[in-house]
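Hello,

Here is the structure I promised to pass on to you. Please have a look at it, and then read my notes below.

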Amino acid sequence: MAVMCSTEKNENQHIMIRKYKSTDSEKVVATWNHAFRLAHPFLKAEYVEKVKVDMGNIYLPNSETWVYEEIETILGFVCLLVIEIGGLFILPSHHGKGIGTQLLDYVHQFHEELEVEVFEKNKIGIPFYHKYGFELLKSYFHEETQQVMLRMKHSRIEYNRSSLTSRLFQLQA
């Protein structure tokens with residue numbers, strides 16, 4: 001299943017959210033590498049390299065992954081393991097353009113609830129997930145990295161209720 005829409009800039013330019021294909025692996029891992037290193041400067045290089053290898057060999061082949069593509073260029077992707085977001089990464093040059101939100105909105109069509117684990121020191125992921133409406137479930141110490149990890153949850157039903165409530169308050173004002 002793919003979503004396609006024309007952009008306002010150029011009628012021939014297309015944006016698509018589509019299912020990951022194994023032929024995307026190199027581009028997706030490259031996107032992950034740029035975004036992960038920016039968001040996780042506090043992690044040791046050995047751990048980052050291990051996860052990079054695992055990304056192509058374990059995580060991508062065993063998750064439901066969707067890519068955000070513009071003119072055949074992958075700008076971001078989201079990986080799901082049932083309802084858990086295993087990764088949501090956007091090329092740093094495209095941060096703040098709504099791509100992460102579009103990817104989450106897309107996968108939320110198929111899952112009423114989503115959960116994610118984010119390192120407490122991730123100064124990009126934490127604000128993004130809070131803005132989207134994720135709530136903290138718990139925090140714990142991640143032994144392998146010696147870092148604090150936050151587990152967060154988002155419910156589409158609660159999100160829709162709060163969006164409706166805020167719209168009603170705006171109409172009354």
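Val82 is found in the loop between E4 and E5, where helices (H or I, at least four residues) and strands (E, at least two) are DSSP runs numbered from the N terminus. Before going on: this is a predicted model, in which local features need pLDDT of at least 70 and side-chain atom pairs count only at pLDDT 80 or more, while totals for chains, interfaces and linings use all residues. Residues are numbered from 1 along each chain as its sequence is written, and side-chain values use heavy atoms, with hydrogens and water left out.

Back to Val82: its phi is near 60°, a positive value in a residue other than glycine. Most residues other than glycine have a negative phi. Val82 counts as exposed because its relative accessibility is 64%; here buried means under 20% relative accessible area, exposed over 50%, and partly exposed in between (1.4 Å probe, protein chains only). Ile71 also has a positive phi, near 45°. Ile71 sits in the loop between E3 and E4 and, at 55% relative accessibility, counts as exposed.

Ile83 is placed in the loop between strand E4 (73-81) and strand E5 (84-90). With 28% relative accessibility, Ile83 counts as partly exposed. Not counting residues up to four places away in sequence, Ile83 touches His111, Glu113, Leu114 and Glu115, a contact being heavy atoms within 4.5 Å. From C-alpha to C-alpha, Ile83 and Glu64 are 10.0 Å apart in space and 19 residues apart in sequence.

**The overall picture**

The protein chain has five helices and eight strands. From the N terminus on, its elements run β-β-α-α-β-β-β-α-β-α-β-β-α. Of its 173 residues, 44% count as buried. Among contacts between residues at least 6 apart in sequence, 57% join residues at least 24 apart.

**Around Trp66**

The structure holds twelve aromatic pairs; rings of Phe, Tyr and Trp (its six-membered ring) pair if their centres lie within 6.5 Å, and planes under 30 degrees apart count as stacked, over 60 as edge-to-face and the rest as tilted. Trp66 and Phe110 make a stacked pair, because their ring centres are 5.9 Å apart and their planes are at 10°. This pair links distant parts of the chain, 44 residues apart: Trp66 is in strand E3 (residues 64-70), and Phe110 is in the loop between helix H3 (99-108) and strand E6 (113-119). Trp66 counts as buried, at 5% relative accessibility, whereas Phe110 is partly exposed, with a relative accessible area of 39%.

Lys19 lies over the face of Trp66, at 4.5 Å from the ring centre (a charge sits over a ring if NZ of Lys or CZ of Arg is within 6 Å of the ring centre and within 35 degrees of the ring normal). Elsewhere, ring pairs link Trp32, Phe36, Phe77 and Phe89 into a cluster.

Lys21 is in the loop between strand E2 (14-19) and H1, and is partly exposed, with a relative accessible area of 45%. Its C-alpha atom is separated by 8.6 Å from that of Thr65, 44 residues apart along the chain.

**Helix packing**

The axes of helix H1 (residues 25-39) and helix H2 (residues 45-59) come within 10 Å and cross at roughly 155°; axes are lines fitted to C-alpha atoms, for helices over the stretch in contact, and angles run from 0 to 180 degrees between N-to-C directions. That makes H1 roughly antiparallel to H2, since angles under 35 degrees count as roughly parallel, over 145 as roughly antiparallel, 65 to 115 as roughly perpendicular and the rest as oblique. On the H1 side the contact is made by Ser25, Val29, Trp32, Asn33, Phe36 and Arg37, and on the H2 side by Val48, Glu49, Val51, Lys52, Met55 and Gly56.

The axes of H3 and helix H4 (residues 125-132) come within 11 Å and cross at roughly 50°, so H3 is oblique to H4. Here Gly100, Thr101, Leu104, Asp105 and His108 in H3 meet Phe128, Tyr129 and Tyr132 in H4.

**A buried arginine**

Arg151 lies in strand E8 (residues 147-155) and counts as buried, at 14% relative accessibility. Leaving aside neighbours within four places in sequence, Arg151 is in contact with Glu84, Glu115, Val116, Glu117, Glu135, Leu136, Leu137 and Lys138.

Best wishes
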